[in-house]
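Welcome! Have a look at the structure below, then try the exercises that follow.

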Amino acid sequence: MSPRSCTGVSPGELRRHLTRACLSAAFPRPSPAPRVPIRARASHPGQRPPKAMRFSQLLIHTLRDDPADAEVPSHRLLARGGYIVKAAAGLYSYSPLMWRVIKKFMRIVREELDRESAQEVMLPILQPKELWTSSGRWDRYVTDGIMFSLQDRKGADMCLGPTHEEVITAYVDTAVSSYKQLPINLYQIQDKFRDEIRPRFGLMRGREFIMMDAYSFDADQAGLDVSYQRMDRAYRAIFDRCGVKYTVVDADAGAIGGAGSQEFMVVADTGEDAILYCDACKYAANVEKADARLVAVPNQGEAKPLEKHATPEVRTVQQLEEFFSLPPQVMAKTVLYHAVWADREAVVAVMMRGDLEINEVKLCNALDALAVKLADETQIRAATGAEVGFAGPVGLPESVTLLADLSLQGQTNLLTGCNETGFHCLNVNPGRDSAAPAFHDLRLARAGQGCPRCDGELQEVRGIEVGHIFKLGTKYSSAMGATFMAESGKPAPFVMGCYGIGVSRTPAAVVEQFHDDKGIVWPRSLAPFEVIVAVLDAKRPAQVELGEKLYAEFAARGVDVALDDRKMSPGAKFKDLELLGFPLTLVVGRRADEGFVEVMLRRDGNKEEVAADSAVARCEELLAGL
RNA sequence: CGGGGCGUAGCUUAGCCUGGUAAAGCGCUUGGUUUGGGACCAAGAGAGCGGAGGUUCGAAUCCUCUCGCCCCGACCA
């Protein structure tokens, strides 16, 4: 039955056509209401009833075994704890407990953004192609295959928004007409869709995920700088409140485009990004963006005559080193790439000093291409006339754009391929023996290389990108013709910034950092509940009564508490609560009738027995220290 | 996209090589006994083996196609 058949049709019509099962789903009978509505029991009129929850009524389903498809700790534990349930690759249902975690994170995000005067909005997720062609991104996103696109009944192209620059820019263009209305900063927290090449690691890289996107609109660059700083401040406050260890790194602007961006990275071994940092000066950058100090090599002196040498089966830098007994620093490997732009594609040649590697992100940016990919054998043969392993600048067809890394600038007498199978050239001097290459920084920085800012050394850690802030400038506003009337009396494009936070990813990143062999260890700020009152034996009246009493006491004091009144054996209950990861558990057990309970801290497993009378106060005290 | 692996009960798996009409643990239901670290006994319910086609007297097992899921890789010449 399609959902549509259950709407816009009268109940009478439905009744004639639908099965009883469908009917009862569409018009469920109300379950008998309790004689006394629960809310009426909240004793203080005008005061909201205390947040309260009983585990016996909460949907919790923990698994004893690790799910077969979970690899990293956060995925494994979130799935085992029943926090997430997979619907398909990269698509998850969030359980009530997970949703509480996410809502807590969203609340933190909202509070900190609101503090910086951002305003929350709701934007369409289903978006028309026109919006994306107006910014020029439809092609790129379709080329990359990252965007879910579809057609409506009229055959019009639509997409599920992977991000919201276009929609928001169009909206602000409509709503804002004067510089007097600026600056403005709008944000939304909604689902985004990306057809990831490889969804994985549970919530880390999903195809549908929750993201906070904020967009700032300023009249000029100085205004953008201020907005950017405010968001930087908000982001630091947000991740500080989550208690995670994170680092802020320089980043490539990627498909979003624009100049200037930083990523907020949660440090974790399972992170998908590599971060290079310097302890000496605090330089930190995504490896995609990172620079490293260039170690100069001695110039090889006056240009000498070009020599051609037979080098059968010598294809790699390492083989060349042996064959010529020359260090890789005097070699220029020439790598062929297939680059794609919106309106064309071509093979380009990139020269890199033999001891260094090419950073494809930098290359892509240098070419202003949509994408670059190593050329395949056929393309290499077509461009160089030689087999793989013998490419060089000499005699390369004019149609092949030649780029070179800055490490080769001014270098003479290089060793390169000859574009002839089985031959390499000595004393190659680009410009004399070949076209003059365009020099760019195309190097891939690596751990162990020198810091680009000081004489320190770069080190590497892995990180999970949970936030990203960009200075977009007028890239989108110009492309889309989104302008306001400036003070000068002339229309000017908005100067924009955009700022994202992975709302569903962050809790997963937090779990990567906060777990042990027993399960999750939520930081207080994100835990689905801060305190659990656990009644160990739900059949003993003394325990149940005391548990209820303590639970009510916590609730009355506004503590984020739940009562674990499930009927399960003590061992199972302990294991379950540990897996779920609540910061504090108040165990009401065998000494309940003597008036004693036990406080357990999840973080270090410490237990202490306290008198029931002072239990709530003691818990609040412990919570304050978490 | 390339390579590899896996789809059997709600979950984790066995069975497949060597075809004979599906098994275990956990979970679930009922009854009873238990109750401070994933309790015990008894009785049950629950899958026709991802899907389609083929071979065969007979297919979870063999073959073909297909779908789904997981992992690795995506070439530095």
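Predicted model: local features only at pLDDT ≥ 70, side-chain atom pairs only at ≥ 80, totals over all residues.

**Exercise 1.** Find which residues line the largest cavity, and sort the lining by class.

*Solution.* Start with the search of the whole structure, which finds 2 cavities of 30 Å³ or more. The largest cavity holds about 60 Å³ of space. Next, pick out its lining: Phe201, Met204, Arg205, Thr270, Gly271, Glu272, Asp273, Ile464, Glu465 and Arg505. Sorted by class, this lining has 3 nonpolar, 2 polar and 5 charged residues.

**Exercise 2.** Work out which strands each supply at least two residues of the lining of the second largest cavity.

*Solution.* This cavity has a volume of about 40 Å³. Its lining residues include Tyr92, Tyr94, Glu208 and Phe209. Now turn to the strands: β2 (91-94) and β8 (208-218) each give at least two lining residues. By class, the lining has 4 nonpolar, 4 polar and 1 charged residues.

**Exercise 3.** Describe how the protein meets RNA strand B.

*Solution.* Of the RNA atoms that come within 4 Å of the protein, sugar and phosphate account for 52%.

Then look at single contacts. A polar side-chain atom of Lys333 is 3.0 Å from a phosphate oxygen of RNA strand B, and a side-chain N or O atom of Ser569 is 3.2 Å from a phosphate oxygen. Arg315 uses a backbone N or O atom, 2.4 Å from a sugar or linking oxygen.

Finally, which element gives the most to the surface near RNA strand B? That is α16, with 7 residues.

Terms used
Residues numbered from 1 in each chain as written. Chains lettered and ligands numbered in written order. Heavy atoms only, no water. 1 Å grid on protein atoms, 1.4 Å probe; cavity = no way out; pocket = protein on both sides within 12 Å on 5 of 7 lines; lining within 4 Å. Points joined across faces, edges and corners; volume = space filled by probe spheres on them. Nonpolar A, V, L, I, M, F, W, Y, C, P; charged D, E, K, R; others polar. Helix = DSSP H or I, 4+ residues; strand = E, 2+ residues; numbered from the N terminus. Near = heavy atom within 4 Å. Polar contact = N/O pair within 3.5 Å; in protein donor to acceptor, adjacent residues only side chain to side chain.
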